[in-house]
Amino acid sequence: MLMARITGHMVATVKLPCFAGEKLLVVETLDQTGRPDGSELVACDRAGAGVGDLVLILQEGGSCRAVMEKAEAPVEALVVAVIDRINL
Amino acid sequence: MMAGRVIGVCVATQKDPRLAGRKLLVVEPIRSNGTAAGKPAIAVDLVGAGAGETVLLAKSRDASLAAADAPIDLAIIGIADALVTPPHRPMDPAERGFRSC
């Protein structure tokens with residue numbers, strides 16, 4: 001799983017039916033020092049996260065489909081937790 | 001999944017039969033501020049996207065799953081009306097226990 005920060009969200013009315021009702025969040029992944037490492041991705045939300053939150057991203061299709069219980073959803077990234085603190 | 005922008009169309013008459021009837025669009029991965037985030041690639045359109053539109057892309061196994069196991073590795077699965085990135089206070093990593101290494 002990846003550490004990431006939510007920077008915004010995507011509004012998409014035209015999308016595959018399995019995404020109906022899903023919140024699409026734009027996240028930037030972080031490196032081990034907590035700074036953005038330059039890559040961004042779009043994730044479905046399962047943790048009620050908002051802009052600016054430090055979150056945990058599940059980034060594998062099969063696991064996302066299992067968590068979402070949607071066997072046919074082409075989801076590759078899912079926000080599964082809001083991180084309070086990282087101790088290194 | 002990632003955001004992308006449709007920059008062109010690809011026409012291929014001789015192809016795998018399972019690609020028949022599929023619209024092939026040239027897409028470029030982008031960041032939320034609109035800058036390019038990777039090399040352009042060819043994606044199968046599943047939602048009727050047009051040139052210049054911002055789209056949602058799925059890659060690898062998820063792309064072929066969305067297109068009934070067609071032989072593809074990039075698919076357009078949504079059309080973005082807006083990519084909203086409101087200004088927010090940059091996070092101070094030290095506040096959250098990250099050590100600068």
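Reader: How many residues of chain B are in contact with chain A?
Author: In this predicted model, 37 residues of chain B are in contact with 46 residues of chain A.

Reader: And what area is buried between them?
Author: About 3,300 Å², with carbon and sulfur atoms giving 58% of it. On the chain B side, B:Met1, B:Arg96 and B:Phe98 lose the most area to chain A, together 23% of what that side buries.

Reader: How many salt bridges are there between the two chains?
Author: Two salt bridges are counted between chain B and chain A. A:Glu76 forms a salt bridge with B:Lys59, and the closest N and O atoms there are 3.4 Å apart.

Reader: What about polar contacts across the interface?
Author: There are 16 residue pairs in polar contact between chain B and chain A, counting pairs with both residues at pLDDT 80 or more.

Reader: Which parts of chain B supply the side that touches chain A?
Author: Strands S1 (2–10), S4 (54–59), S5 (74–79) and S6 (82–84) of chain B and its helix H1 (60–66) each supply at least two residues. The largest share, five residues, comes from H1(B). Sorted by class, that side of chain B has 22 nonpolar, six polar and nine charged residues.

Reader: Back to A:Glu76. Where does it sit?
Author: A:Glu76 is in the loop between helix H1 (61–68) and S6 of chain A.

Reader: Is A:Glu76 buried or exposed?
Author: A:Glu76 counts as buried because its relative accessibility is 5%, and the cut-off for buried is under 20%.

Reader: Which backbone nitrogens of chain B does its side chain reach?
Author: The side chain of A:Glu76 reaches the backbone nitrogen of B:Met1 at 2.8 Å. A polar atom of that side chain also lies 2.3 Å from the backbone nitrogen of B:Lys59.

Reader: What else does A:Glu76 touch?
Author: Leaving aside residues up to four places away in sequence, A:Glu76 touches residues of both chains, among them A:Leu58, A:Gln59, A:Cys64, B:Ala58, B:Ser60 and B:Asp62.

Reader: New topic: strands. Which strand of chain A is joined to S6(B)?
Author: Strand S1 (residues 2–11) of chain A is joined to S6(B) by three bridges, and the two run antiparallel. A:Met10 stands opposite B:Leu83 there.

Reader: What does A:Met10 stand opposite in S3(A)?
Author: In S3(A), A:Met10 stands opposite A:Leu24. S1(A) and S3(A) run antiparallel, joined by six bridges.

Reader: How many residues of S3(A) are buried?
Author: Seven of the seven residues in S3(A), residues 24–30, are buried. In a regular strand the side chains alternate between the two faces of the sheet. In S3(A) both faces are covered, with A:Leu24, A:Val26, A:Glu28 and A:Leu30 on one side and A:Leu25, A:Val27 and A:Thr29 on the other.

Reader: How does S3(A) join S4(A)?
Author: S3(A) and S4(A) run antiparallel, with six bridges between them. A:Val27 has A:Leu41 as its bridge partner in S4(A). Their hairpin has five residues between the strands, and A:Gly34 takes a positive phi near 85° in it.

Reader: Last one: which strands of chain A pair with S6(A)?
Author: S4(A), residues 36–45, pairs with S6(A), residues 78–82, in the parallel sense over two bridges. Strand S5 of chain A, residues 54–58, pairs with S6(A) in the antiparallel sense over four bridges. A:Val79 is the bridge partner of A:Asp45 and of A:Ile57.

Methods. Residues are numbered from 1 along each chain as its sequence is written. Chains are lettered from A and ligands numbered from 1 in the order in which they are written. This is a predicted model: local features need pLDDT of at least 70, side-chain atom pairs count only at pLDDT 80 or more; totals for chains, interfaces and linings use all residues. Side-chain values use heavy atoms; hydrogens and water are left out. Contact means heavy atoms within 4.5 Å. Buried area is the accessible area (1.4 Å probe) that two parts lose on being put together, summed over both. A salt bridge is a side-chain nitrogen of Lys or Arg within 4 Å of a carboxyl oxygen of Asp or Glu. A polar contact is a pair of N or O atoms within 3.5 Å; within protein, one must be able to donate a hydrogen and the other to accept it, and residues adjacent in sequence count only if both atoms are side-chain atoms. Ala, Val, Leu, Ile, Met, Phe, Trp, Tyr, Cys and Pro count as nonpolar, Asp, Glu, Lys and Arg as charged, and the others, Gly among them, as polar. Two strands pair if DSSP finds at least two bridges between them. Buried means under 20% relative accessible area, exposed over 50%, partly exposed in between (1.4 Å probe, protein chains only).
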